[in-house]
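Good morning. Please have a look at the model on the screen, and I will talk through a few places in it.

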Amino acid sequence: MRLSTVILPIHRWVEGQKIWRRAEDLGFHVAYTYDHLSWRSFRDGPWFGAIPTLTAAATVTHRMRLGTLVTSPNFRHPVTLAKELISLDDISGGRITLGIGAGGSGFDATALGQEAWTPRERADRFSEFVPLLDRLLTEDAVTQQGAHYSAAEARNIPGCVQRPRLPFAVAATGPRGLKLAARYGQAWVTTGDPKLYETGTPEQSVEALREQSEKLAAACEEIGRDASELDRILLTGFTPDRNAPMESVDAFVDFAGRHAELGFTEIAVHAPIPDSDFDIDPAVYERIATEAPAQLA
């Protein structure tokens, strides 16, 4: 079980760089950031771009992996995203993981002036986005005509430092997304069942995650892939447990252990942000980072 963190891009870099450096000092496996134009209660406050933030983080860290959790088609195009990712992978020395999902109906969905896509439209676009991005990151030149995304002799030389490309961590719960995770993912990401967040119980959440995991295994079996090849990442804070696992080292170890039994190989926790949904005691956060991994080994 690996422990990772999520650092929201809300800090001016003079302060933000200290948080990223500290995450590496604490021994986190990956430090992720959200790839949004704005997000929920942070909409009217500072919010910086994910790719520039990760580029800056790559210059002040040396060992820790870095990534998005998650990028989506809401305001991205595979051709331009591939060029940025190849550059970022180079600058970081091959430490980038791309968390990628279908997107949602939040502020990003209409920021470019479009109508919000329906769930089916999001799934349709995601089903085009991921395979094209895979080609763009593994081939020197790509031409492809799609219903939503196209490329015309798009060049991506020299490609990623990581071969054949940087890893994809595919966020998915529905059947089409799980099939993409099975075919293209090096990892699978989930936040649990959102329907349980308000009124569900931790026990119900564990069962829902078990069912999701079983559906992923079935999607892998369908294409002849060993499901154990995929890492399984749980992004915390969105299950009925909310921040309860972050109240103490013991509480976190119990939470992580229950999910390790489901096959999860990585837990991602949010770095503390006062007066927010992630208002976690910084001292406990640091103790969890430094003490919990040994207890979960």
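Predicted model: local features only at pLDDT ≥ 70, side-chain atom pairs only at ≥ 80, totals over all residues.

Asp 193 is buried, because its relative accessible area is 17% and buried here means under 20%, with exposed over 50% and partly exposed in between, using a 1.4 Å probe and protein chains only. Asp 193 sits in the loop that runs between strand E8 (187-190) and helix H6 (202-222). Those labels are DSSP runs numbered from the N terminus: helices are H or I with at least four residues, strands are E with at least two.

What does the side chain of Asp 193 reach? The backbone nitrogen of Lys 195, at 2.9 Å. That is a polar contact, meaning a pair of N or O atoms within 3.5 Å; within protein, one must be able to donate a hydrogen and the other to accept it, and residues adjacent in sequence count only if both atoms are side-chain atoms. If we set aside neighbours within four places in sequence, Asp 193 is in contact with Ala 208 and Gln 212, where contact means heavy atoms within 4.5 Å.

Residues are numbered from 1 along each chain as its sequence is written, and side-chain values use heavy atoms, with hydrogens and water left out.

Next, the loop between E2 and H2. Strand E2 covers 30-33 and helix H2 covers 50-60, and Arg 40 is in the loop between them. Arg 40 has a positive phi, about 45°, although it is not a glycine. Ser 38 is in the loop between E2 and H2 too. Is Ser 38 buried or exposed? Its relative accessibility is 12%, so Ser 38 counts as buried. Apart from neighbours within four places in sequence, Ser 38 touches Arg 43, Trp 47, Phe 107 and Asp 108.

Pro 46 also belongs to the loop between E2 and H2. Its C-alpha atom is 7.0 Å from that of His 11, and the two residues are 35 apart along the chain.

Now some backbone details elsewhere. Glu 153 lies in strand E6, and this residue has a positive phi of about 50° without being a glycine. Glu 153 counts as exposed because its relative accessibility is 56%. Which peptide bonds are cis? One runs from Leu 69 to Val 70, with omega near 0°, and Val 70 is part of strand E3 (residues 65-71). Another runs from Ile 157 to Pro 158, with omega near 15°. Pro 158 is in the loop from strand E6 (151-155) to strand E7 (168-171).

Last, the whole protein. It has 8 helices and 10 strands. Its radius of gyration is 18 Å, close to the 19 Å that the globule rule gives for 297 residues, so the protein is as compact as a globular protein of that length. The radius is taken over C-alpha atoms, and the rule is 2.2 Å times the number of residues to the power 0.38. Of the 297 residues, 53% are buried. Among contacts with a separation of 6 or more, 74% join residues 24 or more positions apart.
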